[in-house]
Amino acid sequence: MALCEAVARGSSGSWPRVLLFGDSITQFSFQQGGWGASLADRLVRKCDVLNRGFSGYNTRWANIILPRLLRNGDGSDSPVAVTVFFGANDSALKDENPKQHVPLAEFAANLKSMVQQLRAAGVPAAGLVLITPPPLCEAAWEQECLRQGSKLNRLNAVVGEYARACVQVAQDCGTDALDLWTLMQKDNQDFSSYLSDGLHLSPKGNEFVFSHLWPLIEKKVSSLPLRFPYWRDVAEATPERSLLGGGDQ
């Protein structure tokens, strides 16, 4: 009976979804070895993992576009899990990068607004993970800024303020939080190897994110069955019955 139920669920047109919403660190996460790609691989045939990362975006812009990323407002097709991963751009220094900078209080308010939008769309608080920006390696990022003809436009201490605000919002809203800023600097370790240019993730950084994110996501999707039966269980003479529960789906 369990197999028949799984077959029936597998044959429906709507697959469960995990939504990854963030800035460039999310957009690039589907590259080879990326944390998003690893997540999609782990969840293959159980649900779709959708990358909705927008390079350069801050929470001000993300808060505006989020409604367009949600299919229905009645919860009938809401994601089973959502990651909200911003702060690397919001925390840019106002004097050096006013376009991307978002004041700390507004950053927190924007995160709360996005949580509320997702909740209204049918995503339970238990299905959400707020991810803080990783720490900033100032020396490496300054070299990247100089190559682009600008001054150092971010500071790790400031990023830390935004990370703490993100964790506080998660506590206030009853969601999970993944505090990369703290974890990557635990025990005063050298975190530079987690970053490719001082800001974005290196292969090692992607592995780090996935290793800490997967336990949070796994508990949200643990009840999802494998979609459609294992190939050895498909009846050779009547595959429709095996695949479609009798062909009436």
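Modeller: What follows goes from the sheet to its aromatic rings and then to its charged side chains.

The model is predicted, so local features are given only at pLDDT of at least 70 and side-chain atom pairs only at pLDDT 80 or more, while totals for chains, interfaces and linings use all residues. Residues are numbered from 1 along each chain as its sequence is written, and side-chain values use heavy atoms, without hydrogens and water.

Five strands form an open sheet in the order E2-E1-E3-E4-E5, and their pairing is parallel. Helices (H or I, at least four residues) and strands (E, at least two) are DSSP runs, numbered from the N terminus. Two strands count as paired if DSSP finds at least two bridges between them. Strands E2 (48–53) and E5 (176–178) stand at the edges with a single partner strand each, so one side of each has no neighbour in the sheet. On average, neighbouring strands are turned by 15° against each other, direction ignored; the axes behind such angles are lines fitted to C-alpha atoms, for helices over the stretch in contact, and angles run from 0 to 180 degrees between N-to-C directions.

Strands E1 and E3 run parallel and are joined by five bridges. Within E3, Phe85 is the bridge partner of Gly22. Phe85 also belongs to an aromatic pair, and that needs a rule. Rings of Phe, Tyr and Trp (its six-membered ring) pair if their centres lie within 6.5 Å; planes under 30 degrees apart are stacked, over 60 edge-to-face, and the rest tilted. By this rule there are eight aromatic pairs. In one of them, Phe21 and Phe86 have ring centres 5.1 Å apart and planes at 80°, so the pair is edge-to-face. Phe21 is in strand E1 (residues 17–22) and Phe86 in the loop between strand E3 (81–85) and helix H5 (104–120), so the pair links parts of the chain 65 residues apart. Both Phe21 and Phe86 are buried, where buried means under 20% relative accessible area, exposed over 50%, and partly exposed in between (1.4 Å probe, protein chains only). The pair of Trp35 and Phe85 is tilted, at 5.9 Å centre to centre and 50° between the planes. Trp35 lies in helix H3 (residues 35–42) and Phe85 in strand E3, 50 residues apart. Trp35 has a relative accessible area of 0% and is buried; Phe85, at 1%, is buried too.

The charged side chains come last. A salt bridge is a side-chain nitrogen of Lys or Arg within 4 Å of a carboxyl oxygen of Asp or Glu, and the whole structure holds five. One of them joins Lys220 and Asp176 at 2.7 Å, N to O. Lys220 counts as buried because its relative accessibility is 14%, and Asp176 counts as buried at 19%. Through shared partners, salt bridges put Asp176, Lys219 and Lys220 into one network.

Another salt bridge joins Lys112 and Asp172 at 3.7 Å, N to O. Lys112 is in helix H5 and Asp172 in helix H7 (residues 156–173), so the pair ties together parts 60 residues apart in sequence. Lys112 is partly exposed at 31%, and Asp172 is partly exposed at 48%.
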